[in-house]
Amino acid sequence: MKQIVLSKAELSDLELLAVGGYEPLTGFLGKDDYESVVETMRLTNGSVWSIPITLAVTEQQAKQLSLGDEVELVYDRTVYGTMEVQHIYRPDKRKEARLVYQTEDVAHPGVKKNYLKNRIYISVDL
């Protein structure tokens with residue numbers, strides 16, 4: 001089975017998703033919800049949500065993934081979940097920084113974290 005190695009922040013997000021701490025989210029955001037959150041601070045269903053919760057992969061990893069693939073979510077060689085890939089997309093990180101954090105300045109910790117993430121996002125539901 002293919003594996004996605006999580007960052008420490010992504011592991012934390014996964015745990016919050018799993019225990020309902022990010023309700024109404026049921027997984028890492030797909031493209032439509034991502035764009036809606038960035039542009040309107042709402043999910044596509046109208047629920048208020050202000051910061052995208054995303055799972056980033058490298059371009060090389062993305063090339064090896066297909067929609068419907070089952071993947072293991074791994075941190076420090078421990079599998080924390082098995083999920084199905086539902087979306088693979090390239091975010092506009094500058095737009096995300098500008099609209100979510102109101103700046104593109106990397107001195108802002110949220111912008112810096114965003115820019116350091118891998119370039120492709122995938123979504124999976126729990």
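Reader: What should I know about the model before we start?

Author: This is a predicted model, with local features needing pLDDT of at least 70, side-chain atom pairs counting only at pLDDT 80 or more, and totals for chains, interfaces and linings using all residues. Residues are numbered from 1 along each chain as its sequence is written, and side-chain values use heavy atoms, with hydrogens and water left out.

Reader: Why is G81 called buried?

Author: Buried means under 20% relative accessible area, exposed means over 50%, and partly exposed lies in between (1.4 Å probe, protein chains only). G81 has 14% relative accessibility, so G81 counts as buried.

Reader: Where does G81 sit, and what does G81 touch?

Author: G81 is in strand 4, residues 78–89. Helices (H or I, at least four residues) and strands (E, at least two) are DSSP runs, numbered from the N terminus. Contact means heavy atoms within 4.5 Å. Apart from neighbours within four places in sequence, G81 is in contact with V71, E72 and L73.

Reader: What makes strand 3 and strand 4 a pair?

Author: Two strands pair if DSSP finds at least two bridges between them. Strand 3 and strand 4 have 6 bridges and run antiparallel. One example is E72, whose bridge partner in strand 4 is T82. The hairpin of these strands has 2 residues between them, and D76 takes a positive phi near 50° there.

Reader: How do you know that strand 1 and strand 3 pair, and in which sense?

Author: Strand 1 (residues 2–5) is joined to strand 3 by 4 bridges, and the two run parallel. K2 stands opposite V71 in strand 3.

Reader: Which strands pair with strand 5?

Author: Strand 2 pairs with strand 5 in the antiparallel sense over 3 bridges. A56 stands opposite Y121 there. Strand 4 also pairs with strand 5 in the antiparallel sense, over 4 bridges. In that pairing H87 stands opposite S123.

Reader: Why is strand 5 said to be largely enclosed?

Author: Because 5 of the 5 residues of strand 5 are buried, the strand is largely enclosed by the rest of the structure. Both faces are covered. I120, I122 and V124 are buried on one side, and Y121 and S123 on the other.

Reader: What makes a set of residues a nonpolar core?

Author: The residues must be buried Ala, Val, Leu, Ile, Met, Phe, Trp, Tyr or Cys, joined through side-chain atoms within 4.5 Å. The largest such core here has 33 residues. I4, L25, L55 and L73 have the most contacts inside the core. Among the elements that each supply at least two of its residues are helix 1 (8–18), strand 2 (55–57) and helix 4 (93–100). Strand 5 gives the largest share, 4 residues.

Reader: What does L55 touch?

Author: Not counting residues up to four places away in sequence, L55 touches I4, L6, E10, F28, L73, I120, Y121, I122 and V124.

Reader: Which residues of helix 2 are buried, and what do they pack against?

Author: Y34, S36, V37 and V38 are buried in helix 2. The buried residues of helix 2 pack against strand 4, helix 4 and strand 5. M41 follows the helix, with a positive phi near 60°.

Reader: Why is Y115 called partly exposed, while P109 is called exposed?

Author: Y115 has 27% relative accessibility, so Y115 counts as partly exposed. P109 has 61%, so P109 counts as exposed. Y115 is found in helix 5, and P109 is in helix 5 too. Leaving aside neighbours within four places in sequence, Y115 is in contact with K93, R94, A97, E104 and V106.

Reader: How are the residues lining the largest pocket classed?

Author: Ala, Val, Leu, Ile, Met, Phe, Trp, Tyr, Cys and Pro count as nonpolar, Asp, Glu, Lys and Arg as charged, and the others, Gly among them, as polar. By that scheme the lining has 7 nonpolar, 6 polar and 5 charged residues.
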